[in-house]
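Open the model in your viewer and follow the stops below. Each stop says what to select and what is there.

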Amino acid sequence: MSSRWEEFYASLAIPTDFEENKNKIKDFCEHVSSQQKIVLVTSGGTTVPLEHNTVRFVDNFSAGTRGSASAEYFLEKGYVVIFVHRLKSLEPYVRHFMGQKFLDMLEIHNDEAETSVVAACECLAPFGARAVLYLAAAVSDFYIPSSQMPTHKMQSEAGAPNISLQLVPKILEPLVNTWVPHAYVVSFKLETDENLLITRARGALSKYKHKMVIANILHTRKYRVVLVMATTCSEIVLDPEEIEAGIEIESKIVSELTKRHESFIAESV
Ligand code: 9Z3
């Protein structure tokens, strides 16, 4: 019996550049020594089209700051970084030099960020415990199945549209259990209600059994996160002096995470 995510992917057309992108990521990974630590960072928002010829879409707020800043700190720690983001969200280093696009020469352009994750996972599996997946992108929970989406722009003359969104199956399930079972997988949990934050993060951890959920609240995400693990929970908070000094919370997150990843590698040998 096929699971929800298998049915979901089977219902999607394979992006025309999927094979090309997969091969580029494969070529890149073949040049990385198996002793290297490597991280896949997903970053930025996701859009959900409302029409096949898309005029309108459902979007979310994420600017890609978390992912792009974290990618920089992973590089500083000596990691090889694969950075998956949607077009027009922040890229590593660009925020220091607004208006420039340094990665244009290097990047693989693809609107289908989730399919890039699938391709990249295949290439990361051989790195085993040395691979980290750092899933900071704000992934849409809802979508309109292709078969239910109008081809053309919705017309106001037809009255108020009745839009029925379906749940997207969580990519975390196959990712943790099937695609990269030995990797150090870190997901993010975003909430707006503090009362739900830790419960929801714990829920994700016990459901998918990965290594860490980084929980954050929309309005305080730049100053406070909680690292939720199987048996422990630790908070990272920037104090006013650190904020004033321009210290970014991502530097502390990556520093803490890479220490824990080091221990994980040691335990895995
Ligand atoms: C996050 O919680 C990220 O920290 C932010 C970063 C999106 C808040 P910005 O890009 O914001 O710096 O503006 N990401 C949420 C990841 C997510 O959607 N997680 C899914 C969920 O919560 C599970 S994979 O269900």
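Predicted model: local features only at pLDDT ≥ 70, side-chain atom pairs only at ≥ 80, totals over all residues.

**Stop 1: around the ligand**

In total, 16 residues surround the ligand. Select Ser62, Thr65, Arg66, Phe188 and Leu190, which are the closest.

Now colour by element. Helix H3 (65-76) and strand S8 (184-191) each supply at least two residues of the shell. Which of the elements gives the largest share? Strand S8 does, with four residues.

**Stop 2: the nonpolar core**

Move to the largest nonpolar core, a set of 52 residues. Select Ala120, Leu124, Leu133 and Val186: these touch the most other members. Then show helix H4 (residues 113-124), the source of the largest share of this core, with six residues.

Centre on Leu133. Setting aside residues up to four places away in sequence, Leu133 touches Leu40, Leu175, Val180, Ala183, Val185 and Val186.

**Stop 3: helix H5**

From Leu133, step to its contact Leu175. Leu175 belongs to helix H5 (residues 172-179), where Leu172 and Val176 are buried along with it. Why do these three lie on the same side of H5? Because they cover an arc of only 85° around the axis. An α-helix has 3.6 residues a turn, so residues three or four places apart point the same way.

Finally, turn the view to the face of H5 that points away from its buried side. Select Asn177 and Thr178; both are exposed.

How values were computed
Residues numbered from 1 in each chain as written. Core = buried A, V, L, I, M, F, W, Y, C linked by C-beta atoms within 7 Å. Buried ≥ 20, exposed ≤ 12 C-beta atoms within 10 Å, placed from the backbone. Contact = placed C-beta atoms within 7 Å. Near = placed C-beta within 6 Å. Arc of directions from axis to C-beta.
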